[in-house]
Amino acid sequence: SGSKGNRLKKSLIDKGYVAEYPIKLGQGRGKQGKIFILKDSAESVIESAKRVGYKGCSLHHSFIQEVLKKHIEHLWNVKAEIEMVKNGKSVDIGIIDEGVFSALEFENTSVHALANITKDLEAGFLRVITVCDNKKVLEQVNAIIEDNFKAERERIAACLLSDFLLGLVEI
């Protein structure tokens, strides 16, 4: 929706990832446009995402991990670590808040959601947050959680990436 797009745009500007510039596309009504330029801080996030070592993740997945890590550390003032290993098991982002370990998994499909949530709980993470790329994946992940984790339901959350980045979800 337009309002989500505006909030996301504002969030990216506020975090210093993009700069917004008005441009003139002609004369008259509706001839004013805007362009967005990536700032150095965004380019450093993109360059960081290109690093080898995220277990062969796609560039998209690695980029989202970098963005989520910086967002978590900035917004909640906690320590976050990409590909944190706990009890021999790796998580997309491990979050440490006052000695409590939480796991955050980013899912752009639901294929690995069951295995990831199971692994994170077995590794000893107190909470598991699954951030989903789109509504279809979120619906599938929520169904997986409902069908497989009734006893642990209070420890598991799933949300949309856009809602998480807009601060509509708390860890």
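A salt bridge is a side-chain nitrogen of Lys or Arg within 4 Å of a carboxyl oxygen of Asp or Glu. In this predicted model, the count comes to eight salt bridges. One of them joins the side chains of lysine 119 and glutamate 105, with an N to O distance of 3.2 Å. This pair links distant parts of the chain, since lysine 119 lies in helix H4 and glutamate 105 in strand E5 (residues 100-107), 14 residues apart. Both lysine 119 and glutamate 105 are buried. A network of salt bridges links Glu105, Lys119 and Asp120.

Helix H4 also takes part in a second contact. Lysine 89 forms a salt bridge with glutamate 122, the closest N and O atoms being 3.8 Å apart. Because lysine 89 lies in strand E4 (residues 89-97) and glutamate 122 in helix H4 (residues 113-123), the pair ties together parts that are 33 residues apart in sequence. Lysine 89 is partly exposed, at 29% relative accessibility, whereas glutamate 122 is exposed, at 55%.

A further salt bridge connects glutamate 20 with lysine 9, whose closest N and O atoms are 3.5 Å apart. Here strand E1 (residues 18-24) contributes glutamate 20 and helix H1 (residues 2-14) contributes lysine 9, eleven residues away.

The model contains zero disulfides. The sulfur of cysteine 132 is 7.0 Å from the closest cysteine sulfur, that of cysteine 159, and is therefore too far for a bond, the cut-off being 2.5 Å. Cysteine 132 is buried, with a relative accessible area of 0%, and cysteine 159 counts as buried at 7%.

Isoleucine 35, located in strand E2 (residues 32-38), is partly exposed, with a relative accessible area of 33%.

Technical notes: Residues are numbered from 1 along each chain as its sequence is written. This is a predicted model: local features need pLDDT of at least 70, side-chain atom pairs count only at pLDDT 80 or more; totals for chains, interfaces and linings use all residues. Side-chain values use heavy atoms; hydrogens and water are left out. Helices (H or I, at least four residues) and strands (E, at least two) are DSSP runs, numbered from the N terminus. Buried means under 20% relative accessible area, exposed over 50%, partly exposed in between (1.4 Å probe, protein chains only).
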